[in-house]
Amino acid sequence: MIKTKNLRKVYTTEEVETTALNDINLDIKEGEYVSLMGPSGCGKSTLLNVLGLIDQPTSGQYFFLGEEISKYSERKRASLRKNNIGFIFQSFNLIDELTVYENVELPLLYLGFSAAERKKRVSEVLEQMQLMARKNHFPQQLSGGQQQRVAVGRAVVARPKLILADEPTGNLDSTHGEEVMKLMGDLHEAGAAVVIVTHSPTYAEYAERTIHLFDGNIVSENIQNKFKL
């Protein structure tokens, strides 16, 4: 699904040049569950943004679903992104003026799904996330754990091939964090590839493989013996 060759990302200002990613060579298979770990500033979120087609690499090659896309225009990246990738953020990024139902429905509106199909898919996701009773609530009326479940629902309602999660448990207590990690596992079991950024060794072990970054470099990888549920 994903392959990078000598991927680099350099940020340049008038005074300083910062290498965020340095010759990253990475392979992620369809349906694989991978965690990214490393200290703050090591390049985890930058790598996630490049993999998610939000940011472009400075140099190197990026193959996504068999296409070399590192030089694609923003329009072409946006089309690939909205049809294939779901994002989950630490800060939830829900729209306060929209209800739970409307927040989850939003990607389907952008993709042009019919009203009947939107209702079917949103209802299925709200049931899966145990949020049907909250469908007419607004984000500020929910707990942190409930808001993150809405964010997960929004990310998966279009059934993307790849789910990218940037510290999805960072604003949650341990109970709600475990709940979100269980959802990540369920999505993986359903066939999606999942890449998650985390500082938690415990949460990293939910993945099949953990990649460790330091100063923009991949310094080690390890394969978990089994998937935790």
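## The largest pocket

In this predicted model, the largest pocket has a lining of 20 residues, and those lying nearest its centre are Ile-85, Phe-87, Pro-107, Tyr-110 and Arg-154. Two or more lining residues are given by each of helix H2 (74-84), strand E6 (85-89), H3 and H5, and H2 supplies the largest share, 5 residues.

The space in the largest pocket comes to about 490 Å³, and its lining is made up of 12 nonpolar, 5 polar and 3 charged residues.

## Packing of H3 against H5

Two packed helices are described by the angle between their axes and by the distance between those axes. The axes of helix H3 (residues 100-110) and helix H5 (residues 144-156) come within 7 Å and cross at roughly 30 degrees; because angles under 35 degrees count as roughly parallel, H3 is roughly parallel to H5. The crossing of H3 and H5 is right-handed.

On the H3 side the contact is formed by Val-100, Asn-103, Val-104 and Pro-107, which meet Val-150, Gly-153 and Arg-154 of H5. By class, the residues of this contact between H3 and H5 are 4 nonpolar, 2 polar and 1 charged. Pro-107 and Arg-154, which take part in this contact, are also among the residues nearest the centre of the largest pocket.

## The second largest pocket

The second largest pocket has a volume of about 300 Å³ and is lined by 17 residues, with Val-156, Arg-159, Pro-160, Ala-190 and Ala-192 nearest its centre. Helix H4 (residues 115-128) gives the most to this lining, 4 residues, and by class the lining of the second largest pocket holds 9 nonpolar, 3 polar and 5 charged residues.

Note on methods: Residues numbered from 1 in each chain as written. Predicted model: local features only at pLDDT ≥ 70, side-chain atom pairs only at ≥ 80, totals over all residues. Heavy atoms only, no water. Axes fitted to C-alpha atoms, helices over the stretch in contact; angles between N-to-C directions. Parallel < 35°, antiparallel > 145°, perpendicular 65-115°, else oblique. Left-handed = near helix turned anticlockwise from the far one by under 90°. Contact = heavy atoms within 4.5 Å. Nonpolar A, V, L, I, M, F, W, Y, C, P; charged D, E, K, R; others polar. 1 Å grid on protein atoms, 1.4 Å probe; cavity = no way out; pocket = protein on both sides within 12 Å on 5 of 7 lines; lining within 4 Å. Points joined across faces, edges and corners; volume = space filled by probe spheres on them.
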